[in-house]
Number of protein chains: 2
Amino acid sequence: MSARILATYRIACAANEIEARARALAAEQSVEMPIEAIRDPRVLGEIVATVESVRPSGNAFEVILGLAAETTGGEAAQLVNMLFGNCSLQPEVELLDADFPPGFASAFPGPAHGIAGLRERVGATSRALTGTALKPQGSTVEHLAKLAGTFARAGIDVIKDDHGLADQAFSPFAERVPAVQRAIDAANGETGGRTIYAPTFSGGPGALATQAAIARDCGVGVALVAPMLVGLPVFVEMRRTSGLALLAHPAFAGASRVAPALLLGRLFRLFGADATIFPNHGGRFGYTRQACLAIAAAARDPWEGLEPVLPVPAGGMSVERVDEMISDYGTDTMLLIGGALLAAGDDLLGLSREFVRRVRNT
Amino acid sequence: MSARILATYRIACAANEIEARARALAAEQSVEMPIEAIRDPRVLGEIVATVESVRPSGNAFEVILGLAAETTGGEAAQLVNMLFGNCSLQPEVELLDADFPPGFASAFPGPAHGIAGLRERVGATSRALTGTALKPQGSTVEHLAKLAGTFARAGIDVIKDDHGLADQAFSPFAERVPAVQRAIDAANGETGGRTIYAPTFSGGPGALATQAAIARDCGVGVALVAPMLVGLPVFVEMRRTSGLALLAHPAFAGASRVAPALLLGRLFRLFGADATIFPNHGGRFGYTRQACLAIAAAARDPWEGLEPVLPVPAGGMSVERVDEMISDYGTDTMLLIGGALLAAGDDLLGLSREFVRRVRNT
């Protein structure tokens with residue numbers, strides 16, 4: 001028997017159909033043809049996915065399939081294809097989890113920097129990190145650079161672009177990124193701080209390479225990237241070739257068909273994220289506290305030789321929730337507060353300092 | 001007022017919350033911050049998304065937002081980010097449709113070949129096209145090449161790789177693709193036919209470039225690509241640089257959160273697909289007939305200067321359904337039958353010929 005990935009699916013169907021439905025899913029996610037028409041014993045024994053278990057779960061069923069690890073070719077797009085390619089088109093099927101066989105992760109890069117690398121960049125040995133975002137899109141480069149300077153003077157560790165800032169005419173990457181980095185450098189020079197900048201990387205491989213060159217030229221060391229928008233294998237290639245730390249953004253990652261802990265936690269980690277942003281419970285998104293803690297666990301729990309990834313709860317957070325969030329997630333975490341700081345208006349510097357103070361004191 | 005994309009969402013919420021929920025979605029999909037904290041009149045007037053209409057629809061609401069076209073930067077990943085980036089994480093929101101302002105499409109490549117280009121390659125002026133797939137993964141290169149020779153001798157127009165064939169050790173791209181193309185060339189030589197091959201392209205940008213070079217070297221002119229797996233902007237870059245016709249596969253395209261006609265029809269067309277495969281109703285997937293016809297319409301209906309895209313209904317089809325499918329979709333269509341041909345076993349050539357005969361006679 002070849003090494004198997006144990007993939008757990010939730011299937012909604014009638015009890016008298018589940019055995020056949022599970023076998024059909026096993027065919028769908030491996031050979032995608034009638035099993036009885038396969039004559040090659042190696043394909044039957046080592047390639048066709050196996051139904052490992054079926055058990056009722058609420059008003060549906062949890063089915064564990066054994067997917068042959070060799071069908072993934074050790075490559076990100078093909079791994080996701082085998083886990084959830086065709087069955088993503090079947091609304092009654094969700095992907096809940098995946099356990100990989102020993103050694104499987106070694107084909108993938110994993111985080112280059114991880115929590116330790118990000119801590120070193122900002123000079124924070126044990127406390128939680130602070131993060132914020134440059135918004136809104138449509139602003140001039142001058143406005144965004146001024147915001148960045150204010151945030152940096154307040155001592156925020158990581159200033160990221162809003163994920164909606166890409167390469168639009170109102171603030172082109174080639175103008176925005178050097179200007180923002182200069183503003184942060186100037187503030188760091190004033191305060192002795194070590195604030196870092198994570199601009200949004202977006203577009204096709206050619207555009208991403210151009211953006212990486214611009215970033216390196218002006219001393220940017222971190223990229224904000226939405227793996228589901230640029231493509232998972234592109235994210236892996238950025239990890240392998242760019243030298244940048246990667247802050248993964250969940251845009252276009254869907255809500256309910258792939259479990260967030262698997263996608264934003266385990267898979268983004270496998271593919272090379274150093275930090276993973278996710279919508280915290282109690283904000284603008286519907287994730288439960290349990291789902292959020294599961295993301296953080298998938299990001300940080302021991303996993304062969306892979307560096308732990310920094311969890312970044314976000315999405316409508318406020319300074320008032322700092323204590324609660326650190327209590328939930330511990331200090332190996334970055335708290336990301338965007339809009340709630342900007343809502344302070346003329347007191348942006350004051351509220352940003354209060355955010356930093358609270359996190360440092362917790 | 002800048003040009004607006006009219007994006008239609010389905011929002012499930014209580015009637016007394018929908019106005020606020022619609023405004024919140026408008027903020028989420030544009031500036032992602034509290035509107036009242038924005039002072040720049042240009043951002044308020046031209047960047048913040050507008051709520052164009054709200055109307056009840058069943059037990060939910062259809063909300064049309066006006067998204068500023070300039071926020072997309074004329075780029076695929078950022079377009080999808082603005083349409084459905086963050087709100088993909090909100091389970092109560094679905095994306096139903098998008099209408100683009102005049103001229104918007106010109107920033108995107110659209111199909112290079114379209115239906116006319118594919119017809120020319122296979123020498124079919126007006127009839128429907130036939131397609132099939134090489135399966136199962138795990139087979140040897142010799143087996144796949146032999147299958148391809150049989151299908152080509154039967155006169156099938158397009159032989160694609162199973163979407164699960166990538167670059168695995170059991171049939172590496174660099175060995176499989178030349179061998180399959182040789183088998184098809186040999187069969188075409190015998191029959192005078194013009195069968196073409198569409199191997200699966202998969203992996204990161206570097207791997208895709210290598211695969212394109214291998215394909216060109218052995219005379220392959222079509223690539224099977226899953227845009228959601230390789231990444232939408234990568235698909236655009238393949239369209240712009242590879243010279244290959246692109247047969248889009250729906251793997252990982254999700255089931256219920258973005259309307260299939262928008263994603264598999266309109267967006268894949270905008271980004272450069274020449275043909276789009278989708279799961280036909282009555283097969284292994286749950287799409288309705290209406291949803292399938294909407295995909296075909298989005299693929300083919302007049303749209304500024306964009307070439308029409310060949311709709312490819314698939315996913316558990318059989319030779320018995322040829323007449324019905326052509327009646328549904330017309331002849332500007334490719335019928336794709338995979339597993340049902342392979343199930344013929346020793347009569348693979350006979351059933352494949354019957355498939356070709358039926359399509360030519362309809």
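Predicted model: local features only at pLDDT ≥ 70, side-chain atom pairs only at ≥ 80, totals over all residues.
Next I checked what joins them. On the domain 1 side, twelve residues are in contact with 13 residues of domain 2 of chain A. I wanted to know which elements of domain 1 supply at least two residues of that side. They are H3 and strand S4 (93–99) of chain A. S4(A) has the largest share, with five residues. Sorted by class, this side of domain 1 holds eight nonpolar, one polar and three charged residues.

**Chain A against chain B.** Then I moved on to the chain contact. I find 71 residues of chain A in contact with 71 residues of chain B. Several helices of chain A each bring at least two residues to the side that touches chain B: H2 (41–47), H3 (76–84), H7 (205–217), H8 (227–230), H9 (232–241) and H13 (339–342). Which helix gives the most to this side? It is H3(A), with six residues. By class I get 33 nonpolar, 25 polar and 13 charged residues on the side of chain A that touches chain B.

**Symmetry.** I looked up how the copies are related. Chain A goes onto chain B by a rotation of 180° with 0.0 Å of shift along the axis, at an RMSD of 0.0 Å. That is therefore the relation of a two-fold axis. Which C-alpha of chain A is nearest the axis? That of Gly231(A), at 1.8 Å from it. I also checked whether the copies use the same surface, and they do: 100% of the contact residues of chain A recur in chain B.

**Helix pair H10/H11, chain A.** I turned to how helices pack. H10 (residues 260–271) and H11 (residues 289–300) of chain A pack at about 15°, their axes 8 Å apart. I call H10(A) and H11(A) roughly parallel to each other because of that angle; the cut-off is under 35 degrees. Their crossing is right-handed. From H10(A) the contact takes Pro260(A), Ala261(A), Leu264(A), Gly265(A), Arg266(A) and Arg269(A). H11(A) answers with Ala291(A), Ala294(A), Ile295(A), Ala298(A) and Ala299(A). I note eight nonpolar, one polar and two charged residues in this contact.

The crossing of H5(B) and H6(B) is right-handed. On H5(B) I list Val141(B), Leu144(B), Ala145(B), Lys146(B), Ala148(B), Gly149(B), Ala152(B) and Arg153(B) in the contact. On H6(B) the contact residues include Glu175(B), Arg176(B), Ala179(B), Val180(B), Ala183(B) and Ile184(B). How does this contact divide by class? I get eleven nonpolar, three polar and five charged residues.

Notes:
Residues numbered from 1 in each chain as written. Chains lettered and ligands numbered in written order. Axes fitted to C-alpha atoms, helices over the stretch in contact; angles between N-to-C directions. Helix = DSSP H or I, 4+ residues; strand = E, 2+ residues; numbered from the N terminus. Parallel < 35°, antiparallel > 145°, perpendicular 65-115°, else oblique. Left-handed = near helix turned anticlockwise from the far one by under 90°. Contact = placed C-beta atoms within 7 Å. Nonpolar A, V, L, I, M, F, W, Y, C, P; charged D, E, K, R; others polar. Least-squares fit on C-alpha atoms with pLDDT ≥ 70 in both.
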